[in-house]
Each structure stands twice: as structure tokens, then as C-alpha cells.
Amino acid sequence: MRYECIKCNSKFDPHEKLYTCPRCGGLLEIELNLDELAEKLDRKRLKTDPLGVWKYRTLMPIFDDSKIVTLHEGGTPLYRCDRLAEEVGVRELHVKYEGANPTGSFKDRGMTVGVTKALEFGVKAVACASTGNTSASLAAYAAKAGLRCVVLLPSGKVALGKLAQAIMYGARVLSIRGNFDQALAIIRRVCDEADDIYLLNSVNPFRLQGQKSIAFEIADQLGWEVPDRVVVPMGNCANIWAIYKGFLEFDATDITGGMPMMTGIQAEGAMPIVDAIKRGLDEFLPVENPETIATAIRIGKPVNGPKAIRAIRASGGTAECVSDEEIIAAQKLLAKLEGIGVEPASASTVAGLRKLVEQGAIDGDERIVCVATGAMLKDPEEVIEVSERPLEVPAIYEEVKKLLRWQHAP
Ligand SMILES: *Cc1c(COP(=O)(O)O)cnc(C)c1O
Ligand SMILES: [Zn+2]
């Protein structure tokens with residue numbers, strides 16, 4: 001196992017605590033010795049062990065099993081959504097519901113590995129900047145590990161459920177008068193200067209190693225088959241890369257064959273990567289003041305942008321942006337047609353898929369998986385805001401009966 005710079009290809013010792021390439025500042029990736037691991041993999045047990053991140057322990061970059069910090073993350077449902085498929089116009093649609101993770105988002109898959117690494121590195125504290133879910137997840141795993149936790153949140157911009165979690169799990173929460181990108185710049189500097197605080201933002205390559213288990217589970221749940229396409233919301237763009245990486249590793253070890261077309265969705269007010277893909281650029285232009293109702297992807301300067309561009313291009317995928325109205329409509333479809341409650345960022349996948357099918361950019365005959373990254377109750381204020389309020393009625397039988405009859409009228 002080694003760190004490898006995706007820009008200059010330099011390799012580094014994974015026992016060192018690194019975030020970016022010491023030589024060129026590029027993003028680091030963890031590369032496993034896949035040939036060796038392919039032999040070590042117990043393929044029979046893969047068929048029988050229960051689903052979850054640590055089912056794939058052989059492919060996780062951990063040195064010391066006794067240090068593993070787990071809240072039993074992963075093992076989330078892959079729902080087949082026939083009613084939604086018909087509405088959107090595709091043959092076979094599945095939703096990977098990451099809201100079922102311990103703190104309600106896929107971030108837990110990264111944190112179980114990231115906080116385990118923090119223990120292996122022997123630090124006293126962990127830290128992150130976050131739009132919400134990263135802080136909620138890190139706070140929980142730090143609590144489980146007995147580590148101190150510092151999180152920087154953009155003031156007034158964090159969904160209520162996520163803020164509640166970070167506070168209750170005992171993190172030191174600082175509200176920065178600024179946006180996410182500014183908060184990240186500050187916490188990066190803090191962690192660069194203090195050797196005993198480990199940074200667990202998505203620039204951390206170990207977190208992505210945990211998140212690649214989404215791909216493992218999708219293949220696993222589809223009977224060791226790879227879907228034609230996987231649709232992922234893009235904020236800092238760690239997840240689309242991690243999922244791509246997971247499918248690559250399964251392909252390289254012959255657990256599955258082939259790759260899905262990685263398809264990334266952003267909100268109209270925060271779409272630097274979609275812009276780069278559409279214009280055929282290798283570099284993206286940051287968005288100065290990102291805006292969208294989907295707070296988890298309200299990111300103007302995606303840390304892992306270059307990885308996302310690579311994953312989309314290399315897999316023959318695509319990228320699209322959606323409006324807040326389209327996101328809300330998709331959130332309602334997921335809830336009302338399939339009983340799946342998601343936060344707005346997750347709904348962007350279904351909104352984007354719908355748009356791409358309408359444009360004819362996606363073949364309706366594909367087998368598609370949308371990754372629903374976080375749970376509905378992360379952002380209860382948004383749900384109330386976009387929904388009809390309950391009718392208030394007197395506590396009188398006749399009044400209630402009258403209203404129900406009215407509701408059943410054609
Ligand atoms: C973090 C997050 C995203 C964005 O993931 P990236 O890896 O930053 O692209 C999307 N949806 C939810 C719910 C998230 O918590
Ligand atoms: Zn480099």
C-alpha cells in the first residue's frame with residue numbers, strides 16, 4: 001500500500017501523515033497492491049458475510065485491526081424503484097439509500113476508516129470543516145474512539161439536523177462567518193501547524209477508501225454485477241471518485257467485470273465541474289458564491305474536482321446540473337412514489353437523471369443506480385418549507401369527517 005500523487009505520480013510511505021503531495025501539492029490517492037490482495041481475498045466469504053464496510057476488510061488500508069472504530073456503517077439498502085423508474089423513463093432504477101448509515105449519511109463509511117487511521121497515527125484530536133454531514137459523522141466516530149473533535153461550520157448555513165448531531169456527539173463546534181471554502185482553508189492551516197490533530201476533510205485520501213465500499217455493496221447487492229450507470233451528487237467530489245475507485249478495484253481483482261458510467265450532478269448555483277465537463281476542460285473554474293437549497297453540495301471550489309473530472313471522463317459518463325425546483329420535485333417523487341426520504345443533495349441525482357433522459361443523453365434501457373447520500377431529517381426545515389402545511393381543525397368528529405370526504409372527492 002502507498003500514497004500516490006494523481007498529478008506527478010510520486011509515491012509516499014503510507015505510515016506518514018500526509019494530505020496532499022509534498023512535492024507538487026497535488027491530490028493523493030491510496031493505491032493497494034491489488035495483485036497480492038486478489039490472492040488473499042476469500043471469495044467464498046464474500047458471498048456469505050453480512051453486508052457492511054468491514055466485510056471488505058481485505059481491501060481497506062488499515063494496518064492494525066485492533067484499532068478499528070466502527071458504528072456498523074454500510075450495509076445500506078439498495079431499493080429497486082419501479083414506480084420511480086416509470087416516472088423518470090428508465091427500465092431499471094435502484095436507489096442506494098445511504099441515509100440508513102449510523103449518522104444518516106455516507107460520510108460514516110469514510111469516517112470509520114479515517115478515524116481508525118487517526119488512532120493508528122496516534123493523534124489526540126480530529127478536525128474538519130463541513131457543510132454539516134462530515135461534522136456530524138466525524139463527531140460521532142471521534143466520540144466512539146475517545147478522540148477530541150473540532151469542527152468548523154459556515155455560520156447560519158448548516159441544516160438543523162446536522163448541527164444538532166455535531167453538538168450532541170460532543171464536538172467543539174465553531175461557526176465561521178464565511179462560507180465552506182473559507183472554513184476549509186482555515187482548518188487545513190490549523191492541521192498543518194499542529195502535528196497531533198488529524199484533518200478528516202475529503203482531501204484526506206483514507207476517507208475515500210472507506211467510501212469506495214458503496215461501489216462494493218452495489219455490485220454485491222446486484223448479484224456481483226456492475227450497473228450500466230451510477231448517478232452521484234457532487235459537492236467536494238470525493239464520493240464520485242471513491243465509488244469509481246471501488247468499481248476499479250473490483251474489476252482489477254476480477255470480483256466483477258467492467259465499469260459503470262459515472263454520472264455527476266451539481267446544482268445550478270454550484271456547478272464548476274459540470275461546466276468543465278460540458279466545455280471539455282481539464283481544469284475547472286471555481287464558483288465564487290455558491291448557492292443552492294442542497295446545502296451538502298453548496299461548494300464552489302471542490303477539493304477533489306480533478307478526480308471527479310477524471311472519473312467521469314475515464315468511465316464514459318457525463319455530468320449535468322439541476323435547479324432547486326427540479327431538486328425539490330425529485331425529493332417529493334422519491335418520498336411519495338417510493339417511501340424514500342432524502343435530503344435535497346441526494347434528490348439531485350434523480351432530478352439530474354430525469355433531465356438527462358429527457359434530453360436523450362441517457363438510454364432508457366440502462367440499469368441505473370442513484371446514490372441517495374443522506375437522510376430526509378437532516379434538513380427538516382427544508383422539508384417543511386417546500387411542503388403543504390397540515391390543516392388545523394377543531395377536535396370535532398363531524399368537522400374531520402367533512403374534510404376527509406372533501407379530500408376523497410375527484
Ligand atoms: C457530502 C455530501 C455530498 C457531497 O459529496 P462529495 O463527496 O463532497 O462530493 C452529497 N450529499 C450528501 C448528503 C453529503 O453529505
Ligand atoms: Zn505530486
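Predicted model: local features only at pLDDT ≥ 70, side-chain atom pairs only at ≥ 80, totals over all residues.
A set of 16 residues surrounds ligand 1, and the closest of them are K107, N133, N236, C237 and T373. Sorted by class, this shell is made up of 8 nonpolar, 6 polar and 2 charged residues.

K107, already listed among the closest residues, puts an N or O atom of its side chain 2.6 Å from an oxygen atom of ligand 1. With G235 the backbone takes part: one of its backbone N or O atoms lies 2.8 Å from an oxygen atom of the ligand. A238 also comes in through its backbone, with a polar atom there 3.1 Å from an oxygen atom of ligand 1. Taken on its own, ligand 1 has 380 Å² of accessible area, and the protein covers 96% of that.

Where does ligand 1 sit, then? The space it takes up is the largest cavity. This cavity holds about 300 Å³ of space, and the count of cavities of 30 Å³ or more comes to 1. Its lining has 26 residues, and those nearest the cavity centre are F106, K107, G235, N236 and A296. The largest share comes from α10, which brings 3 residues. As for classes, the lining of the cavity splits into 12 nonpolar, 11 polar and 3 charged residues.

Some names turn up in both descriptions. K107 and N236 are among the residues closest to ligand 1, and K107 and N236 are also listed among those nearest the centre of the cavity. G235, whose backbone lies 2.8 Å from a ligand oxygen, is on that list for the cavity centre as well.

The largest pocket has a volume of about 680 Å³. It is lined by 20 residues, and L27, F284, P302, V303 and P306 are the closest to its centre. Helices α7 (180-193) and α12 (305-314) each supply at least two residues of this lining. Here the classes come out as 9 nonpolar, 3 polar and 8 charged residues, while the lining of the largest cavity has 3 charged residues.

Technical notes. Residues numbered from 1 in each chain as written. Chains lettered and ligands numbered in written order. Heavy atoms only, no water. Near = heavy atom within 4 Å. Polar contact = N/O pair within 3.5 Å; in protein donor to acceptor, adjacent residues only side chain to side chain. Areas by Shrake-Rupley, 256 points an atom, 1.4 Å probe, with all protein chains shown as cover. 1 Å grid on protein atoms, 1.4 Å probe; cavity = no way out; pocket = protein on both sides within 12 Å on 5 of 7 lines; lining within 4 Å. Sits in = over half its atoms within 2 Å of the grid points. Nonpolar A, V, L, I, M, F, W, Y, C, P; charged D, E, K, R; others polar. Points joined across faces, edges and corners; volume = space filled by probe spheres on them. Helix = DSSP H or I, 4+ residues; strand = E, 2+ residues; numbered from the N terminus.
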